[in-house]
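Please keep the model in view while reading.

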Amino acid sequence: MAPEREENEPVYTSAEGRPIPDPTTQLVLQGPKVRGGGLALLEDTQLIETLAHFPRERIPERVVHAKAAGAWGEFECTKDITDITSACVFRQVGKKTKVLARISTTSGEKGFPDTVRDIRGFALKMFTEEGNWDFVGNDLPVFFIRDPIKFPSLNRSHKRHPQTNVPDASMFWDFHNNNQEGAHCLMQLFGQRGVPASLRHINGFGVHTFKFGKPEDGSFKYVKMHWKPEKIENLKQEDAGKLAGQEPDYHVKDMFNAIENGDYPVWTLNLQIMDPKEAETYRWNIFDDTKIWPHQDYPLVPVGKLTLNKNPENFFQDIEQAAFSPSNMIPGIGPSADIMLQARLFSYPDAARYRVGPNYQQLPCNKAQYVYNPYQRDGPARYDGNYGSDPDYVRSSFRKIKTVGPNDVTHDEWVGKVSNYTSDVVDDDWVQALDMWNLLKESGEDELFIGNLSGHVGKALPEVQRETIKMFSKVSKEISERLDKTMSKASEDGPDHVKAPYGLQSPIGGGY
């Protein structure tokens with residue numbers, strides 16, 4: 001006899017709602033002489049429903065940034081910046097906005113260890129009254145490339161070899177030997193911050209230049225965004241390698257447990273602000289995502305605080321299905337003429353439509369506070385009423401709609417000609433990489449950098465190693481000489497010393 005059911009116990013049913021006595025049974029036709037066997041019946045809806053759903057439980061994995069931790073939280077405005085932008089999140093000091101965050105490794109798959117040397121993606125979705133604003137950046141301030149057509153090749157070179165299906169150092173370094181604009185980013189990556197101790201203690205950089213403006217008067221400023229944690233903590237390579245083998249989900253667990261215990265991660269949003277006239281004569285091309293704006297030129301201005309204070313109720317529902325894109329902006333915030341950013345404005349929503357489906361914006365983790373767009377309807381998994389009988393064509397006489405005045409940040413004015421373009425590496429591209437090397441020496445991290453770098457380059461083919469040494473000589477002859485010396489000594493000590501510790505996965509950056 002079945003035990004009595006408590007009032008708060010759910011009744012097990014089929015997916016269509018039919019109560020079912022036992023979730024472990026299946027209908028079979030058994031013969032009189034057969035013990036423990038039988039023939040399954042097509043009429044067994046429970047069995048067929050269970051088996052058919054199982055291989056469909058997964059959605060396509062993100063091509064990059066597949067493994068992540070995620071959480072809910074809030075953003076609080078701490079400084080009035082209505083003098084430079086009309087963006088609603090900054091209209092009042094103390095104003096709070098709901099946020100969904102996703103922080104990820106880049107190159108490895110969902111099951112890959114998360115304490116690898118890699119760029120971390122830093123993505124936020126702010127649910128404002130004027131639409132969703134997505135911040136989609138990285139934990140390093142610069143990127144490997146500035147030509148978007150190289151983006152797929154960059155990612156492929158950092159992932160798995162097409163023949164061996166394992167990460168390949170020769171592939172990695174061959175790409176960078178022949179696309180040397182990424183030297184500054186490589187300097188950042190192979191320093192101490194390439195392996196954070198916790199996702200709660202990493203930076204979040206917008207990398208690109210954006211516009212903050214006031215559509216009502218046509219004014220705007222160029223802005224770089226920096227999310228700064230309360231402290232920065234990093235792992236030594238040997239400790240990261242041990243964790244990769246012993247606790248491959250270390251960072252994900254660390255984030256979840258901290259929030260569960262009330263130790264909420266906090267970041268401060270800082271802006272670097274530049275007048276458009278200054279951009280015309282500034283030393284660096286402000287649309288080049290391989291360059292920073294030195295803080296002595298444009299100091300950080302704190303304007304808000306992010307607190308993550310709630311774990312997802314269900315990871316797949318809240319985090320795996322979440323879709324972030326730098327194209328999701330609100331009035332008062334706009335893109336710049338960085339062509340890498342321009343390409344991302346298309347690429348990210350396109351990936352979401354493929355991965356989650358054309359109606360991904362309806363899901364709670366992506367749905368804006370207010371949406372009315374009857375010209376985008378139908379498609380798979382439409383469940384919100386589909387705008388009922390509202391006309392699905394513009395300027396209908398049968399359903400009047402309200403519209404607002406212009407609310408875009410002032411557009412650039414361009415006069416020019418269409419041409420084929422690829423960026424060239426020039427002497428100026430090595431200046432910030434050299435600055436980074438000098439900072440490493442001042443902080444005493446140069447030995448660590450050389451060790452990290454030689455461990456990874458040492459796995460590449462000899463001819464690739466030679467070209468990498470040549471590339472770093474353009475930053476500093478000291479780097480190339482020390483790199484060559486360290487790898488030569490490791491080679492003399494034996495092949496076991498040449499191999500990098502487990503966890504030194506080829507690093508990369510890319511989409512969500």
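At what angle do helix α3 and helix α11 pack, and how far apart are their axes?

## Basis of the model

This is a predicted model, in which local features need pLDDT of at least 70 and side-chain atom pairs count only at pLDDT 80 or more, while totals for chains, interfaces and linings use all residues. Residues are numbered from 1 along each chain as its sequence is written, and side-chain values use heavy atoms, with hydrogens and water left out.

## Packing of α3 and α11

Helix α3 (residues 169-177) packs against helix α11 (residues 446-457) at an angle of about 115 degrees, and their axes lie 9 Å apart. That makes α3 roughly perpendicular to α11, a term that covers angles of 65 to 115 degrees.

Ala-169, Phe-172 and Trp-173 of α3 meet Leu-453, His-456 and Val-457 of α11, where contact means heavy atoms within 4.5 Å. By class, this contact of α3 with α11 has 5 nonpolar residues, 1 polar residue and no charged ones.

## The chain as a whole

The chain has 14 helices and 12 strands, these being DSSP runs of at least four residues (H or I) for helices and at least two (E) for strands. For 512 residues a compact globule would have a radius of gyration near 24 Å, and the 26 Å of the chain agrees with this; the rule is 2.2 Å times the number of residues to the power 0.38, with the radius taken over C-alpha atoms.

Of the 512 residues, 49% count as buried, meaning under 20% relative accessible area with a 1.4 Å probe. Among contacts in the chain with a separation of 6 or more, 73% are between residues 24 or more positions apart.

Terms used:
Axes are lines fitted to C-alpha atoms, for helices over the stretch in contact, and angles run from 0 to 180 degrees between N-to-C directions. Angles under 35 degrees count as roughly parallel, over 145 as roughly antiparallel, 65 to 115 as roughly perpendicular and the rest as oblique. Ala, Val, Leu, Ile, Met, Phe, Trp, Tyr, Cys and Pro count as nonpolar, Asp, Glu, Lys and Arg as charged, and the others, Gly among them, as polar. Buried means under 20% relative accessible area, exposed over 50%, partly exposed in between (1.4 Å probe, protein chains only).
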